[in-house]
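Me: I am new to this structure. Could you take me through its features one by one?

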Amino acid sequence: MALKITVIGTGYLGATHAAAMAELGFEVLGLDVVPEKIELLSSGRVPMYEPGLEDLLAKHVAGIEGSSGRLRFTTSWEEVGAFGDVHFVCVNTPQKHGEYACDMSYVDAAFTSLAAVVREGALVVGKSTVPVGSAERLAGLLPEGVDLAWNPEFLREGFAVQDTLRPDRIVVGVQDAGGRAEKTLREVYAVPTGQGSPFVVTDFPTAELVKTAANSFLATKISFINAMAEVCEAAGGDVVKLAEAIGHDDRIGAKFLRAGVGFGGGCLPKDIRAFMARAGELGVDQALTFLREIDSINMRRRGQMVEMAREVLGGSSFLGARVAVLGATFKPDSDDVRDSPALNVAGQIHLQGGQVTVYDPKGMENARRLFPTLGYADTALDAVRGADVVLHLTEWREFRELDPAELAAVVSSPVILDGRNALDSERWRAAGWTYRAMGRPRA
Ligand code: UDX
């Protein structure tokens, strides 16, 4: 009989995982402790913008016309315990208030609730990003006869559906290689592995570390190129050309070398901090002190963007200056504004007296909630109307497709600062703009 799957925690990761499991042909039950979330998901909708996710839900959520009916949602732990052969724990692990360490309270609560209802012979699979050592401790919370596996998730916002259905690797940490837990997960992931996704079996600590190591490497790559941008600025070099040239070396690779205002979001910043905190507990903090530098290079970018704006405005104060900000989310194709460099820069300028107007294709609602005192416009054109300087801070396609001549006609002064090195500088200059970008010559 086909395995029955539950997904505990239906946020970004859980909602996508639940829909993907239904797409792979399994009967799926998703649980969340927030009833409003369950209500929304049961009607095939999601509380965030993620391309393709609502379509996938509508294809499978029971009660929606024409759906497979394989996906349901509940708030009942008893139902989850009775239903599931395999339980995926997908709750979030935010940064603790006032410290670097990761807040494990949602994971601990989920395991405690699940332990009380799980059937003998079932498999529990942790997907949340946790400090190394957690899986072994959590295994101790589960009753006899219930196995645990750790299966980190690598999905990127904006590509969540594709990354979940066709992962570039599946990592499974087990206590007993070749045992029951591994066999069950090979069955769960038979379709993607059949399509070529590598299946890597490890022990618990390695599986937990793979996730934090991968995110640390990505953060390091971005901060490396941003450090090069700082040097390029001082030396008159061009970081975009430099990235292109070093990226041709296969060992380096061209991806994740876009210099600009740096990384943000709900993962990279908090994951590298939690990793440093955990290394400290393990007595190997020296091994990760470089991550402190990665973090500070990244945070410095935001301040440098503010300074670049101040400089083009005459060098002293933002008082009375009109500043347009294109982009509020931490990356394009997402409505996520958590730790967004764009909003951070907008906020800093606003707090120093600038009149900031923000426009973002999908992030307006979340941005307004986080920063209600900033100005907001309904279109890019409205945002730049009367502006003394325009800041491009999130690289949405919509911004690359703007007509620089149309914008030039409504601004007070045609000056654009490209904080993502993503606009076509020639096009903007040809339309009469002063174009400046981070890590590039002024031209
Ligand atoms: C990341 C990891 O990529 C993913 O594997 C993990 O599961 C969760 O964390 P995500 O947070 O969705 O995913 O964003 P990602 O695409 O990695 O981008 C992170 C940040 O880096 C964004 O703010 C982006 O704008 C920035 N970035 C990315 C750069 O500044 N330059 C680059 O070259 C690439």
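Me: Where does Leu319 lie?

Reply: Leu319 sits in the loop between helix 13 (289-312) and strand 9 (322-326). Helices (H or I, at least four residues) and strands (E, at least two) are DSSP runs, numbered from the N terminus. A word on the source: this is a predicted model, where local features need pLDDT of at least 70 and side-chain atom pairs count only at pLDDT 80 or more, while totals for chains, interfaces and linings use all residues. Residues are numbered from 1 along each chain as its sequence is written, and side-chain values use heavy atoms, with hydrogens and water left out.

Me: Is Leu319 buried or exposed?

Reply: Start with the cut-offs. Buried means under 20% relative accessible area, exposed over 50%, and partly exposed in between (1.4 Å probe, protein chains only). Leu319 has a relative accessible area of 67%, so it is exposed.

Me: Which residues is Leu319 in contact with, leaving aside its neighbours within four places in sequence?

Reply: Contact means heavy atoms within 4.5 Å. By that rule, and with neighbours within four places in sequence set aside, Leu319 is in contact with Gln352 and Gly353.

Me: Next, a residue in another loop. Where is Thr329, and is it buried or exposed?

Reply: Thr329 lies in the loop between strand 9 and helix 14. Its relative accessible area is 0%, so Thr329 is buried.

Me: What does the side chain of Thr329 reach?

Reply: First the general idea. A polar contact is a pair of N or O atoms within 3.5 Å; within protein, one must be able to donate a hydrogen and the other to accept it, and residues adjacent in sequence count only if both atoms are side-chain atoms. Here the side chain of Thr329 reaches the backbone oxygen of Lys331 at 2.8 Å. Thr329 also touches residues beyond four places away in sequence, among them Ser334, Asp360, Thr394 and Trp396.

Me: What is phi of Asp333?

Reply: It is near 60°, a positive value in a residue other than glycine. Asp333 is in the loop between strand 9 and helix 14 (341-351). With 33% relative accessibility, Asp333 counts as partly exposed.

Me: And what is phi of Asn421?

Reply: Phi of Asn421 is near 50°, again positive in a residue other than glycine. Asn421 belongs to the loop between strand 13 (415-418) and helix 19 (425-430). Its relative accessibility is 11%, so Asn421 counts as buried.

Me: Let us zoom out. Which domains does the chain have?

Reply: Domain bounds come from an automatic or database domain assignment. For this chain, the assignment gives domain 1 (4-201) and domain 2 (219-437). The C-alpha centres of domain 1 and domain 2 are 33 Å apart. Across the boundary, 16 residues of domain 1 are in contact with 18 residues of domain 2.

Me: Why does the ligand lie between the domains?

Reply: Domain 1 and domain 2 both give residues to the shell around the ligand, so the ligand lies between them.

Me: How many residues surround the ligand?

Reply: A residue is near a molecule or strand if one of its heavy atoms lies within 4 Å of it. 20 residues surround the ligand, and the closest are Phe154, Glu157, Arg258, Phe330 and Lys331. Helix 10 (residues 204-235) gives the largest share of the shell, four residues.

Me: How do the residues of the shell divide into nonpolar, polar and charged?

Reply: Ala, Val, Leu, Ile, Met, Phe, Trp, Tyr, Cys and Pro count as nonpolar, Asp, Glu, Lys and Arg as charged, and the others, Gly among them, as polar. The shell has ten nonpolar, three polar and seven charged residues.

Me: Where is an oxygen atom of the ligand 3.0 Å from an N or O atom?

Reply: That N or O atom is in the side chain of Lys211. A ligand oxygen is also 3.3 Å from a polar backbone atom of Leu257. Another such distance is 3.2 Å, from an oxygen atom of the ligand to a polar backbone atom of Gly264. The protein covers 92% of the 670 Å² of accessible area that the ligand has on its own. Accessible areas come from the Shrake-Rupley method with a 1.4 Å probe; for residues, only the protein chains shown count as cover.
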